[in-house]
Amino acid sequence: MATATRLRGFGAAAMVAVVGTYGVMKLRDPILIAENDKGGSTIMDVKRRIADTNMVIPSRQFQENALMGSTIKNPLDVLVVGGGATGCGVALDAASRGLRVGLVEREDFSSGTSSRSTKLIHGGVRYLEKAFFNFDYGQLKLVFHALEERKQVIQNAPHLCHALPCMTPCFDWFDVVYYWIGLKMYDLVAGRKLLHLSRYYSAKESVELFPTLANKGNDKSLKGTVVYYDGQMNDARLNVGLACTAALAGAAVLNHAEVVSFVKDEASERIIGAKIRDNLSGKEFVTYAKVVVNAAGPFCDSVRKMVDKDAPTMICPSSGVHIVLPDYYSPEGMGLIVPKTKDGRVVFMLPWLGRTVAGTTDSNTEITMLPEPHEDEIQFILDAISDYLNVKVGTPCQISFFPSVADEFCRRLKLIVRREDVLSAWSGIRPLAMDPRAKNTESISRDHVVCEDYPGLVTITGGKWTTYRSMAEDAVDAAIKSGKLTPTNGCMTQNLQIVGGDGFDPASFTVLAQQYVRMKKTYGGKVVPGVMDSSVAKHLAHAYGTLAERVATIAQDEGLGKRLAHGYPYLEAEVAYCARQEYCESAVDFIARRCRLAFLDTDAAGRALPRIVQILAAEHKWDKSRQKQELQKGNEFLETFKSSKNAQFHDGKHTKVEVEGA
């Protein structure tokens, strides 16, 4: 059954019903939400659409047509520039208030900082320490605010977020008392938003919980550990979920679309729109809007300079490097955080998607599209975590003709975490913000800044993943004030679940395991059944939430049940699903953001790349030239992730592989 509905805002027609594999798929005109629904009915309609597991996400072409259809006389209310956590959060917030919204992203949703985070949803326990010792009320406000948002993020996306216990090792009794008191204060500040109470564990209990934890550190014996709780997330999938939720709420979201210039009103000099280039087709068009929100993260200054080349700088970029190690470096369900290493930096090791992520660095950097980690940063992390681990790496004892000498050497040998074990390493740019209206640079902080330093252009930057929702709320409030907009209701995102989260049950993976099979094509082309084993079922449930059965159906009905990489639960069916339902437009979109293989294991991602390109080619009707281009771009992208394969050894040390022309 097919029905047509009038696209009032843009004067075009759109399909609102599609018959497909999953039965009747409803596709409602995104602009009509703001025009037809009033007050409470608007948000109720949005919530119904998000909760509907048969809902079809509007196609990319549909979204582009919506952006192209705006006019000077009938503009969008808000045009968002940037598809990271903040930008997609702004689009969702504004659309759920009944405003007419568009969003453009130069690369892909979460292609920048938002996919390269520490994967923690945290309240900022370090800021609490600064607040008390420096009598800094501003830092304390940051902690209160982040803790308030932390639990909200977990509740709104329960399939992608969860509480994670983090262990802090103590090698003298002063540290035990100090960290126990500090983390109890953290619990107290969290109040009703507390995840779980922190507690002390003896040295023996600690090693049982974290077997690779060292019993000695800096010639001191382990006295015990203090364990507290923060949140953990799959950051890029959460960001993609925000984009898809915004689309269901009525926003016209478009990835791989770049703002090339702004349109000004000749009389008032106010920004009234932007010229946009579709980077996939090369087509350019103008989108008009009453207010433009600049949420470009580290690149927000370059957006501002499109309007005023002399605009003062807002961003002080900082580099954060992370590495991924095999799962045996940390137990499942327990992280390790060292608040202060020898040089005063914080390091951590966290279980994440079946592997161990460790980091991080914090150093000045330049803003680039694809930041790469330096070998000295990778080595710093390896050296720092080695001090706290009891990891045996194989010793000369096994091969020596002089066992007694070898045993003594082994006893004295400093146990290390091997560079060869690094499966992936990446760098992200933190956009530390400075208010351009400030009189000095002391205002640089990790809090966010909202300003309108040019009429019609509201900039939101700074902050962190944990507070993306409230950052978006502040930006939309500023946009409403700037454009004198008339939303149908106030901010509703505090209790608005992300697509796939409404009704999610952690035990839902058992349904997948029991009721679905994975039909796999052999190398000879024969389709054979396979078990929907627990690891695959759990992965699908947590990656897609209540929509996981749709992916399982593709795996079962379309012969796409084979794993993409040995040892990882990612299925071929996910490539097809993401192309159809999550705006996956390139091979890099999939290996980096729709699944996390590039971040988990660079070499495995490289081996999976040809098959991923093949499936996407079938979905998007790519010719041989485009397939070759996608394969090349995918391999070039993976070269920026410094696994052990990409490391260069010279005189026993690691040096960065320099790329010609880089």
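Me: Let's start with the cavities; how many of 30 Å³ or more turn up in the whole structure?
Reply: A search of the whole structure of this predicted model returns four cavities of 30 Å³ or more.

Me: And how much space lies in the largest cavity?
Reply: The largest cavity holds about 160 Å³ of space. Its lining is made up of 19 residues, and those closest to the centre are Cys244, Val499, Leu547, Tyr577 and Glu582.

Me: Which helix gives the most to that lining?
Reply: That is α9, which contributes five residues to the lining of the largest cavity. Helices α9 (235–248), α15 (534–544) and α17 each supply at least two residues of this lining.

Me: What does the lining look like by class?
Reply: The lining of the largest cavity comprises 11 nonpolar, four polar and four charged residues.

Me: OK, switching to packing: at what angle do α16 and α17 cross?
Reply: The axes of α16 (residues 548–557) and α17 (residues 572–581) cross at roughly 125° and come within 9 Å. The two helices are therefore oblique to each other, since an angle must be over 145 degrees to count as roughly antiparallel and from 65 to 115 to count as roughly perpendicular.

Me: Is that crossing left-handed or right-handed?
Reply: The crossing of α16 and α17 is right-handed.

Me: Which residues meet there?
Reply: From α16 there are Arg550, Val551, Ile554 and Ala555, and these meet Ala573, Glu574, Ala576, Tyr577, Arg580 and Gln581 of α17. By class, this contact of α16 with α17 has six nonpolar, one polar and three charged residues. Tyr577, in that contact, is also one of the residues closest to the centre of the largest cavity.

Me: Now the other partner, α20; how far apart are the axes of α17 and α20?
Reply: The axes of α17 and α20 (residues 602–620) are 9 Å apart, and the helices pack at an angle of about 40°. That angle makes α17 oblique to α20, because roughly parallel would need an angle under 35 degrees. The crossing of α17 and α20 is right-handed.

Me: What makes the contact on each side?
Reply: On the α17 side the contact is made by Glu572, Val575, Ala576, Ala579 and Arg580, and on the α20 side by Arg611, Ile612, Ile615, Leu616, Glu619 and His620. The residues of this contact of α17 with α20 divide into six nonpolar, one polar and four charged.

Me: Where else have I seen Ala576 and Arg580?
Reply: Both Ala576 and Arg580 are among the α17 residues that meet α16, and they also take part in the contact with α20.

Key:
Residues numbered from 1 in each chain as written. Predicted model: local features only at pLDDT ≥ 70, side-chain atom pairs only at ≥ 80, totals over all residues. Heavy atoms only, no water. Axes fitted to C-alpha atoms, helices over the stretch in contact; angles between N-to-C directions. Helix = DSSP H or I, 4+ residues; strand = E, 2+ residues; numbered from the N terminus. Left-handed = near helix turned anticlockwise from the far one by under 90°. Contact = heavy atoms within 4.5 Å. Nonpolar A, V, L, I, M, F, W, Y, C, P; charged D, E, K, R; others polar. 1 Å grid on protein atoms, 1.4 Å probe; cavity = no way out; pocket = protein on both sides within 12 Å on 5 of 7 lines; lining within 4 Å. Points joined across faces, edges and corners; volume = space filled by probe spheres on them.
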